[in-house]
Amino acid sequence: MSDLIDRYLGAVAALLPKASRQDIVAELRDLIVNRIEEREATLGRPLDKREIEELLREIGHPIAVAGRYGPHMALIGPEIYPFWLFGVKVLLAVAALAAIIPAGVALLTAYGDARLVFRTVTDFIPTALTLVGAATLVAAAIERGWIKADGFRNWKVSELPRVSDSKALFSRSRFDGLFEVVATLLFIGWWTRVVEFPTGNVITTRGGEVALTFSPIFQTLYWPILAMAVVQVVSGLILVIKPGWVRARAGVEIICALIGLAIAAALWPAMPLVTLVAPEATTAGLANLQRTVNLSLQVALCVAIAINLLKLIVDGWRLVRGR
Amino acid sequence: MPTDTDIFESLRQELRRGTLILAVLAQLREERYGYSLRQALSSVGVEIDEGALYPMLRRLEAQGLLASEWREEDKRKKRFYQLSSEGRAVLARLADEWRAINAALEPLLEPAPSDGHHKG
């Protein structure tokens with residue numbers, strides 16, 4: 001009998017803090033002996049080995065029993081948990097967008113190369129796990145007061161997003177803002193050559209590979225384009241973090257639209273913006289493709305100009321009204 | 001999906017959690033060791049799992065509400081617990097709180113008057 005109790009108490013003791021171990025084990029031993037005596041008195045005979053084992057099982061698994069003596073603190077408590085959950089959803093969306101956007105680009109430009117898409121998608125899993133792990137560490141640190149997070153208490157109703165008609169012109173949700181931030185950050189990474197473009201400067205088509213050479217105007221406009229992207233990220237971040245800051249976002253959007261219009265004005269006379277080289281293509285075929293690309297870029301530039309003009313009007317109106 | 005019984009059981013546990021501390025503190029106006037405390041509670045109809053009781057006693061002691069000492073009884077060393085002076089003060093305040101809650105809830109828990117208020 002005592003061998004079973006010793007083994008049980010030994011397993012519990014191994015999990016207890018050293019300072020209180022002896023004390024708790026002595027008390028548990030007393031509890032177990034009392035229980036055994038009580039049961040033996042009821043049955044009118046000593047308990048056998050199987051019955052003692054059953055009694056110890058009733059007291060609980062050593063890990064559970066030792067755990068009850070530990071500090072009663074959840075890794076993330078009920079007050080922080082909803083914020084952790086919201087943060088994890090946002091981070092998973094960021095990880096998903098960061099994987100899906102390059103995968104989409106690869107799908108469009110790397111005809112038939114499924115490995116590229118597969119590789120980009122599998123990048124999502126370690127990124128997501130790392131982000132969720134980081135969020136959990138931060139939330140646990142906040143729970144323990146190691147990181148002060150008074151922002152959870154000092155929030156303002158006026159900074160919450162307005163309830164508006166979702167079909168309103170240029171109405172944007174927080175998710176749109178998040179998409180904008182991730183997509184633009186990926187663009188910035190690619191533009192500054194921190195991140196490699198999924199397919200380099202080569203597009204794979206049904207007719208073979210086509211190499212792209214960009215016009216030198218892009219070198220000239222390197223900083224303005226980078227500035228526009230950074231401003232766009234700021235605008236997206238305002239929408240995600242402080243959706244109530246309508247005027248601030250409208251102001252940033254107006255700056256972005258003005259830079260966009262200036263860039264479009266500089267690009268228009270510099271056509272063709274992209275020159276194609278395809279050694280496997282016929283001269284006529286290549287010329288035809290080049291014409292199509294030029295026309296597409298001209299149309300895209302016209303659309304960009306129209307959108308930026310419209311943004312100037314809409315965001316100007318928002319800047320005045322504040323809503 | 002939780003059944004009605006599961007839901008009831010979880011709500012019952014939640015309701016009991018705070019009242020158990022009150023019962024333990026009240027029983028420890030007199031000195032007792034863990035096992036005798038559980039028996040005393042059981043005799044007045046308050047059942048408590050030992051697995052929860054012993055850690056609870058240690059927490060209450062760490063909070064300064066209980067005092068304890070090891071003594072020999074029936075040829076075995078036992079740890080005896082009793083309310084500290086701080087514990088007595090806290091128990092008095094908690095008891096007032098309990099009575100106030102009880103007084104507020106009791107009329108609410110009265111069966112609703114029969115259909116007299118319903119229209120036609």
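Trainee: Which pattern does chain B follow when read along the sequence?

Mentor: Helices (H or I, at least four residues) and strands (E, at least two) are DSSP runs, numbered from the N terminus. Read along its sequence, chain B follows the pattern α-β-α-α-β-β-α, with 4 helices and 3 strands. This is a predicted model, in which local features need pLDDT of at least 70 and side-chain atom pairs count only at pLDDT 80 or more, while totals for chains, interfaces and linings use all residues. Residues are numbered from 1 along each chain as its sequence is written, and chains are lettered from A and ligands numbered from 1 in the order in which they are written.

Trainee: What share of the residues in chain B is buried?

Mentor: A residue is buried if 20 or more other C-beta atoms lie within 10 Å of its own, exposed if 12 or fewer, and partly exposed in between, with C-beta atoms placed from the backbone. Of the 120 residues in chain B, 17% are buried.

Trainee: Why does A:Ile32 count as buried?

Mentor: A:Ile32, found in helix H2 of chain A, counts as buried because it has 20 C-beta neighbours inside 10 Å. Two residues are in contact if their C-beta atoms, placed from the backbone, lie within 7 Å. Leaving aside neighbours within four places in sequence, A:Ile32 is in contact with A:Ile5 and A:Ile59.

Trainee: How are helices H1 and H4 of chain A placed relative to each other?

Mentor: Two packed helices are described by the angle between their axes and the distance between the axes. Axes are lines fitted to C-alpha atoms, for helices over the stretch in contact, and angles run from 0 to 180 degrees between N-to-C directions. The axes of H1(A), residues 2–13, and H4(A) come within 8 Å and cross at roughly 50 degrees. The two helices are therefore oblique to each other; angles under 35 degrees count as roughly parallel, over 145 as roughly antiparallel, 65 to 115 as roughly perpendicular and the rest as oblique.

Trainee: Which residues of H1(A) and H4(A) meet?

Mentor: A:Tyr8, A:Ala11 and A:Val12 in H1(A) meet A:Pro62, A:Val65 and A:Ala66 in H4(A). By class, this contact has 6 nonpolar, no polar and no charged residues. Ala, Val, Leu, Ile, Met, Phe, Trp, Tyr, Cys and Pro count as nonpolar, Asp, Glu, Lys and Arg as charged, and the others, Gly among them, as polar.

Trainee: How many residues of chain A are in contact with chain B?

Mentor: 10 residues of chain A are in contact with 12 residues of chain B. H2(A) gives the most to the side of chain A that touches chain B, with 5 residues.
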